[in-house]
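This briefing is meant for a reader who is meeting the structure for the first time.

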Amino acid sequence: MKKVLIVATTSYAGMGPYVSGIVNTFLPNDDVYYFFHDYDDLFFRKNVKEELHSRSTFYKLANSIWNKLYDLIFGHWVYEKDILDLCHEKRIELIHFINGCGSCSFNRKLESMGIKVLGTVHDLYPHEVKKAPHKMLRHRVSVRRLQAAIWECHNLLTNSKSQYVELQKLFPDKNLFYHEFPSLVSKDVKNGKDIPIELRNVRLPYILFFGRIEEYKGITLLYKAFTEVPELYNNYLLVIAGNGTLPFERAVGEINVVMMNRYIKDTEIRYMYEQAACVVYPYISATQSGVLSLAFYFRTPTLTSDVPFFRSIIESAGAGMLFKAGDLENLKQKLLLLLSSDTSNLKICEAEYYDKNYNDKAIREQLLTIYDSINKK
């Protein structure tokens, strides 16, 4: 295999654990190098395993208004020259943009130098969003650029089987690849011992929603389901844990809803999942997601919407329950059913699926094979 550079352009939201989960599958003697755009929290420097640091470049760039404005106006990263210098130094022959597909202009420059480009497609079509006007402008520009890069890039990779099929229909002449989604269960998540301050005095069993709060994740639907069913809000808590702007107005006189509307530390995740009566992922749309790895690892009974990504896993694993995406009444029914059921078998199936499918060795081998096949073409 020829020399590969993996470029991670963001650790925002779930992208940090996604990238580190994949990168940490590699070995120091693999002919792979790494370029990480780190923010002030130094996520990648802290979470990429030490034995890969000698092959890694950690570029620290503040998550400032100026840097966001620069990206919006010019459409390229300030560290592109650093990437090019690294390519010259290490004689890189393939760049894998792990957070997306790079930019059209930069990809053309790389290809003119004889460097092939592989882009990871996370969302072929944009999700539903609700943001402040200035954030919506930035979002629209970013989506437009990403869509253009997807259509232009010759080598595309996805972690979603349903999205892989869609890519095959759209791009029959491109080189398309699939590999398993990495587990988000990092060392800090596994060994975490912190009890979130909001849960220290909890006396009722709770229903958990965990993840960055976005419109497409269906949090409004879950909130309505919980607050409209007395059997739920009188006997349980609803815990909404994640940073972001709530897309709904909280009801007057609302009871038993705990809002952990903040960044959740990795060391708090273990407690949240192990103590939860169940976890609900009520997504309106989902191309791919790592949240099931958390639920399955901690054997937390799981209810998800039946969007294709979740349905394909839940049905094959027998490791959870499904409800009709966007259907409020069906969500209420299935949530009550899950909470009243014996979930022993579901937990066994979750553990079996995790052990079989979230496999570091398999991801590394899949990626090395993909890199090798691109370099031979």
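Three bridges join strand S11, residues 278–281, to strand S12, residues 302–305, and the two strands run parallel. The model discussed here is a predicted one. The strands S11 and S12 belong to an open sheet of six strands, and an open sheet of seven strands is described as well.

**The six-stranded sheet**

- Going across this open sheet, the strands come in the order S10-S9-S8-S11-S12-S13, and their pairing is parallel.
- The edges are formed by strand S10 (257–260) and strand S13 (321–323), each of which pairs on one side only.
- From one strand to the next, the twist of this sheet averages 20°.

**Helices packed on the six-stranded sheet**

- Helix H9, residues 219–227, packs on the sheet, where it touches strand S8 (206–210), strand S9 (237–241), S10, S11 and S13, and the direction of H9 makes about 165° with that of S9.
- Helix H11, residues 266–275, also packs on the sheet, with S8, S9, S10 and S11 as the strands it touches, and the direction of H11 makes about 140° with that of S8.

**The pair H9 and H14**

- Two packed helices are described by the angle between their axes and the distance between the axes.
- For H9 and helix H14, residues 328–340, the axes come within 9 Å and cross at roughly 60°.
- The two helices H9 and H14 are therefore oblique to each other, and their crossing is right-handed.
- On the side of H9 the contact is made by Leu221, Leu222, Lys224 and Ala225, while on the side of H14 it is made by Leu328, Leu331, Lys332 and Leu335.

**The seven-stranded sheet**

- This open sheet has parallel pairing, and its strands follow the order S3-S2-S1-S4-S5-S6-S7.
- Strand S3 (56–60) and strand S7 (175–178) are the edge strands, each pairing on one side only.
- The twist of this sheet averages 20° from one strand to the next.
- Strand S1, residues 4–8, and strand S4, residues 94–97, run parallel and are joined by four bridges, and in this region valine 4 stands opposite leucine 94 of S4.
- Helix H5, residues 104–112, lies across S4 and strand S5 (116–120), and H5 runs at about 160° to S4.

**Cysteines**

- The structure holds zero disulfides.
- Cysteine 153 is in no disulfide, and the nearest cysteine sulfur, which belongs to cysteine 101, is 5.0 Å away.
- Cysteine 153 counts as buried because its relative accessibility is 3%, a value to be read against the cut-off of under 20% for burial.
- For cysteine 278, the closest cysteine sulfur is that of cysteine 349, and the distance of 17 Å between the two sulfurs is too far for a bond.
- Cysteine 278 is buried as well, with a relative accessible area of 1%.

**Serine 20**

- Serine 20 has its place in helix H1, which covers residues 15–23.
- With a relative accessibility of 8%, serine 20 counts as buried.
- When its neighbours within four places in sequence are left aside, serine 20 is in contact with Phe43 and Asn47.

Technical notes
Residues are numbered from 1 along each chain as its sequence is written. This is a predicted model: local features need pLDDT of at least 70, side-chain atom pairs count only at pLDDT 80 or more; totals for chains, interfaces and linings use all residues. Side-chain values use heavy atoms; hydrogens and water are left out. Two strands pair if DSSP finds at least two bridges between them. Axes are lines fitted to C-alpha atoms, for helices over the stretch in contact, and angles run from 0 to 180 degrees between N-to-C directions. Contact means heavy atoms within 4.5 Å. A disulfide is a pair of cysteine sulfur atoms within 2.5 Å. Buried means under 20% relative accessible area, exposed over 50%, partly exposed in between (1.4 Å probe, protein chains only). Angles under 35 degrees count as roughly parallel, over 145 as roughly antiparallel, 65 to 115 as roughly perpendicular and the rest as oblique. A crossing is left-handed if the near helix is turned anticlockwise from the far one by less than a right angle, and right-handed if clockwise.
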